[in-house]
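Visitor: I'd like to go through this structure with you and ask what stands behind each label. Could you bring it up?

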Amino acid sequence: MRASWNVAWRAAMMIIAALLLVAPGVALAQGTPARQDTFSPEELIQSGHKAFGNVSRGLALTIEEAVRRWGEPNGYIVGQEASGAFIGGLRYGEGVLYTRNAGDQRVFWQGPSVGLDFGGDGARTMMLVYNLPTVNALFQRFAGINGSAYLVAGFGMTALTANGIIIVPIRTGVGARLGLNLGYLKFTPEATWNPF
């Protein structure tokens, strides 16, 4: 009984710590006015239609919710990923980062997770990127909480943060995944199997 209490207490503390990492960036981004180097919801939805196909209503509602919470992003990534978990999990993905100032660049991401999480899935992914000062600032680890609950019409949305940069992955895909986990994504300019 005491051992299960310790595990539950530690999991709760990890979730609270991750929320505290995400919360400061969330509060700052809500009041941020639109800039010329950002992407409007209409532009993001149009780009998302190309990546996701004809799932327009769910995608539009999810993007609008993200913009309502964090404002307009100054970059976004469109790609695909695969993940699997049995308590510990791994996620691998690849896509293209689009920015107004620095053009387009191919990026890769990978990362581990741990939690009450089971299953696997493959997803098309659009990641909204906020407060990105340079493309090279993307190449680091972004921590956050991930869950298998979907927001609207099969689309899931989470938030990851590092050094004032917020990344909001929007995913839809196939597979069976149930649970909640803590983890991070590491972005790299080249593909790697090493998630750490």
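Visitor: Where in the protein is confidence lowest, and where is it highest?
Guide: This is a predicted model, and its confidence is lowest in α1, with a mean of 41. The highest mean, 90, belongs to strand β5, residues 160–162. For the protein overall, the mean pLDDT is 75, and 68% of the residues reach 70 or more.

Visitor: Which contacts does the model have for residues 1–34, where pLDDT stays under 50?
Guide: That stretch has 23 contacts beyond four places in sequence. Residues 148–153 also have pLDDT below 50, with 16 contacts in the model beyond near neighbours in sequence.

Visitor: Let's turn to the rings. What makes F39 and Y76 an edge-to-face pair?
Guide: Their centres are 4.9 Å apart, and the cut-off for a pair is 6.5 Å.

Visitor: Why do you say the F39–Y76 pair ties parts together?
Guide: Because F39 sits in the loop between α1 (2–30) and α2 (41–52), while Y76 is in strand β1, and the two parts are 37 residues apart in sequence. Both F39 and Y76 are buried. Ring pairs also link F39 and Y76 with Y98 into a cluster.

Visitor: On to charges. How do you know that E43 and R100 form a salt bridge?
Guide: The N to O distance between their side chains is 2.5 Å, and the limit is 4 Å, so E43 and R100 qualify. E43 belongs to helix α2 and R100 to the loop between β1 and β2 (104–130), so this pair ties together parts 57 residues apart in sequence. The whole structure has six salt bridges.

Visitor: Why are E43 and R100 called partly exposed?
Guide: E43 has 30% relative accessibility and R100 has 39%.

Visitor: What makes R171 and E81 a link between distant parts of the chain?
Guide: R171 is in strand β6 (residues 165–188) and E81 is in strand β1, 90 residues apart. Their closest N and O atoms are 2.2 Å apart, in a salt bridge. R171 has a relative accessible area of 8% and E81 has 6%; with buried set at under 20%, both therefore count as buried.

Visitor: Last stop, the surface. Why is F86 called exposed?
Guide: Its relative accessible area is 63%, and the label needs over 50%, so F86 is exposed. F86 is found in strand β1, residues 75–99. Together with I87 and V114, F86 forms a nonpolar surface patch with about 310 Å² of accessible area.

Definitions and conventions
Residues numbered from 1 in each chain as written. Predicted model: local features only at pLDDT ≥ 70, side-chain atom pairs only at ≥ 80, totals over all residues. Heavy atoms only, no water. Patch = residues over 30% accessible without salt bridge, like charges linked within 9 Å, V, L, I, M, F, W, Y side chains within 5 Å. Areas by Shrake-Rupley, 256 points an atom, 1.4 Å probe, with all protein chains shown as cover. Helix = DSSP H or I, 4+ residues; strand = E, 2+ residues; numbered from the N terminus. Buried < 20%, exposed > 50% of the residue type's maximum accessible area, 1.4 Å probe, protein only. Phe/Tyr/Trp six-rings, centres within 6.5 Å; stacked < 30°, edge-to-face > 60°. pLDDT = per-residue confidence, 0-100. Contact = heavy atoms within 4.5 Å.
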